[in-house]
Amino acid sequence: MKSMRDFIELGEREGVVKRIKAEVDWDLELSHIAKLNEEKSGPALLFENVKGHDWPIITSVCTTAERLALIMGMPKDYSLVQIMEEWVKLGDKKIEPEWVDKSAAPCKENILRGDEVDLFKFPTPKWYPLDGGRFFGTAHFILTKDPETGWVNLGTYRSQLLGKDKLGTQFIKGKHADLMLKKYQKMGKPMPVASIVGCDPLLFVMGASRISAFVSEYDIAGAIRGEPIEVVQGETVDLPIPAHAEIVVEGEVDAEAFMEEGPFGEYTGYYSGVGTDPRNFIDVKCVTHRNNPIMWGTTVGRAVTDTHMTMALSYGATLWQQLVAMKIPGIRSVYCPPEGSGRFLAIISLQQMYPGHADQVLTAAISTEMGAYGLKTVIVVDEDIDPWDIPRVMYALSFRFQPNRCQIIKRGRSTPLDPSLPIDAREITGRLLMDATIPYDWKDKPIPIKLDEEIVKKVEARWGELFGE
Ligand SMILES: Cc1cc2nc3c(=O)[nH]c(=O)nc-3n(C[C@H](O)[C@H](O)[C@H](O)COP(=O)(O)O)c2cc1C
Ligand SMILES: [Mn+2]
């Protein structure tokens with residue numbers, strides 16, 4: 001799979017992409033159709049007739065495990081955890097992207113510069129009533145390059161439509177584009193960027209993944225695909241652009257220039273602040289797009305949507321990978337529920353091998369690169385419990401967990417989006433470590449009640465006689 005068109009073709013064959021031919025308004029109507037459809041676990045929707053626009057837009061591409069499996073190139077009946085397990089197996093494998101000629105890059109079919117640039121041509125939705133405007137970049141990613149090392153980053157940071165050649169940004173402190181922007185600022189230069197909309201959906205999953213600093217998400221995408229991602233040189237920016245992208249917005253971000261941006265209905269189900277905030281923006285210099293380009297958007301908002309599924313997959317797989325890389329034995333599986341957007345709560349199933357093993361896993365989880373940022377609650381269960389089997393997790397929390405054995409960590413890095421903290425004090429979070437295992441070091445362990453197998457067989461043989469079935 002190289003492009004959004006490849007995904008649509010596959011999705012239509014598998015019955016998971018539906019075309020909407022009726023006219024739909026970009027102003028709230030489209031997003032509400034998408035959101036209500038997502039709440040029913042409906043198909044991805046390709047809106048072909050958006051009021052006042054010539055081009056289509058697709059939504060809800062990543063909302064189900066089935067579609068994520070298709071995107072990842074795996075059997076479509078794989079569960080989220082099976083997909084994660086395959087990702088974890090890749091370890092630190094990387095495949096660098098491959099440069100192709102402009103003639104082999106459909107993203108160059110139309111090239112618009114300077115005054116020809118008009119972002120209002122694209123069917124950009126207004127998603128929620130209290131949003132500050134239309135958001136062009138939701139299921140997109142922003143490409144940037146580290147000016148010192150040449151490391152190329154893909155990061156999904158929302159982009160509000162602020163003018164015909166202006167896009168908002170929100171690079172949260174410490175995110176890779178933010179780290180890079182600070183370096184350009186020191187050098188007294190604007191940062192060249194490209195916003196990519198509509199591409200191999202795997203690249204969006206990568207943009208939303210917390211891959212380590214100094215590692216290009218392109219290389220991980222290549223490892224997952226088993227072949228390099230094809231890239232082409234930008235027109236006005238020295239960046240590797242996905243050759244098969246639908247829409248490419250090239251421009252620069254000046255760290256010292258601001259526009260009012262937001263608010264936006266976030267994946268926490270709440271607004272990130274109380275109104276607009278001054279934020280850096282992209283000054284657009286050039287737009288390239290395919291003929292009849294396919295816009296791509298996602299509702300974000302309340303769980304469970306594309307964002308939550310994508311983050312549950314990538315954050316869960318990365319946390320699991322990092323625990324394995326710490327050489328902790330016995331990790332059976334890791335699950336970060338999509339209802340918690342894959343980042344606030346983690347459940348880890350462990351085969352205990354020594355006293356203190358569960359405590360090691362709990363403190364390790366919040367010390368991984370993934371867990372150190374925003375993870376609030378970690379639950380460890382024994383290996384007889386699948387962490388995605390929530391009724392069984394509730395059982396463990398009821399009958400194996402003991403409050404006297406839980407630990408509260410007072411301080412750690414928080415996300416500014418966590419609505420459980422006051423809006424002006426979201427830098428630091430507490431954490432809760434819950435050991436829901438039967439302690440390894442207990443000499444006398446609770447004796448489980450079992451049925452007598454022989455009698456079970458006898459009773460099953462008499463079932464018809466007893467119940468008349
Ligand atoms: C739809 C969507 C919108 C997002 N918006 C933002 C955003 O505006 N700012 C931000 O810092 N992270 C945002 N994120 C989370 C980042 O994509 C994620 O933290 C990612 O790891 C950033 O890339 P980086 O690790 O290379 O910095 C968003 C994620 C999704 C799926
Ligand atoms: Mn990154």
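Which residues does Ala436 touch, not counting residues up to four places away in sequence? The first legend below takes up this question, and the others move to further sites.

This is a predicted model, in which local features need pLDDT of at least 70 and side-chain atom pairs count only at pLDDT 80 or more, while totals for chains, interfaces and linings use all residues. Residues are numbered from 1 along each chain as its sequence is written, chains are lettered from A and ligands numbered from 1 in the order in which they are written, and side-chain values use heavy atoms, with hydrogens and water left out.

**View 1**
Ala436 belongs to strand S23, which covers residues 428–436; here helices (H or I, at least four residues) and strands (E, at least two) are DSSP runs, numbered from the N terminus. Leaving aside residues up to four places away in sequence, Ala436 touches Ile379, Val380, Val381, Asp382, Ala396, Leu397, Arg400 and Phe401, where contact means heavy atoms within 4.5 Å. Ala436 counts as buried because its relative accessibility is 0%; buried means under 20% relative accessible area, exposed over 50%, and partly exposed in between, with a 1.4 Å probe and protein chains only. From C-alpha to C-alpha, Ala436 and Cys406 are 8.9 Å apart in space, and they are 30 residues apart in sequence.

**View 1. The shell of residues around ligand 1.**
Ligand 1 is surrounded by 19 residues, of which the closest are Asn153, Thr156, Tyr157, Gln170 and His176; a residue is near a molecule if one of its heavy atoms lies within 4 Å of it. An oxygen atom of ligand 1 lies 2.8 Å from a polar side-chain atom of Asn153, and an oxygen atom of ligand 1 is 3.0 Å from a polar backbone atom of Arg158. A polar backbone atom of Gln170 is 2.6 Å from a nitrogen atom of ligand 1. Taken alone, ligand 1 exposes 630 Å², and the protein buries 97% of that, the accessible areas coming from the Shrake-Rupley method with a 1.4 Å probe. Strand S8 (152–155) and helix H8 (306–325) are the elements that give two or more residues to the shell, and S8 gives the most, with three residues. The shell divides into six nonpolar, nine polar and four charged residues; Ala, Val, Leu, Ile, Met, Phe, Trp, Tyr, Cys and Pro count as nonpolar, Asp, Glu, Lys and Arg as charged, and the others, Gly among them, as polar.

**View 2. Helix H8 and the residue that follows.**
Helix H8 has 20 residues and reaches 28 Å from its first C-alpha to its last, close to the 28 Å expected at 1.5 Å a residue; the expected span is 1.5 Å times one less than the number of residues. Because 18 of its 20 residues are buried, H8 is largely enclosed by the rest of the structure. Just after H8, Lys327 takes a positive phi of about 60°.

Most residues other than glycine have a negative phi, and most peptide bonds are trans. The peptide bond from Gly262 to Pro263 is cis, with omega near -5°, and Pro263 lies in the loop between strand S15 (259–261) and strand S16 (277–279). Ala303 and Val304 are also joined by a cis peptide bond, with omega about 5°, and Val304 is in the loop between strand S18 (295–296) and H8. Ser60, although not a glycine, has a positive phi of about 60°; Ser60 is found in the loop between strand S3 (57–59) and helix H3 (65–71) and counts as buried at 0% relative accessibility. Phe214, not a glycine either, has a positive phi of about 70° and lies in the loop between helix H6 (201–207) and helix H7 (217–225), where Phe214 is exposed, with a relative accessible area of 56%.

Asp200 is in the loop between strand S11 (191–197) and H6 and, at 3% relative accessibility, counts as buried. The side chain of Asp200 makes a polar contact with the side chain of Arg225 at 3.0 Å; a polar contact is a pair of N or O atoms within 3.5 Å, and within protein one must be able to donate a hydrogen and the other to accept it, while residues adjacent in sequence count only if both atoms are side-chain atoms. In helix H5 (residues 176–187), the side chain of Lys183 makes polar contacts with the side chains of Asp146 (2.8 Å) and Glu148 (3.0 Å).
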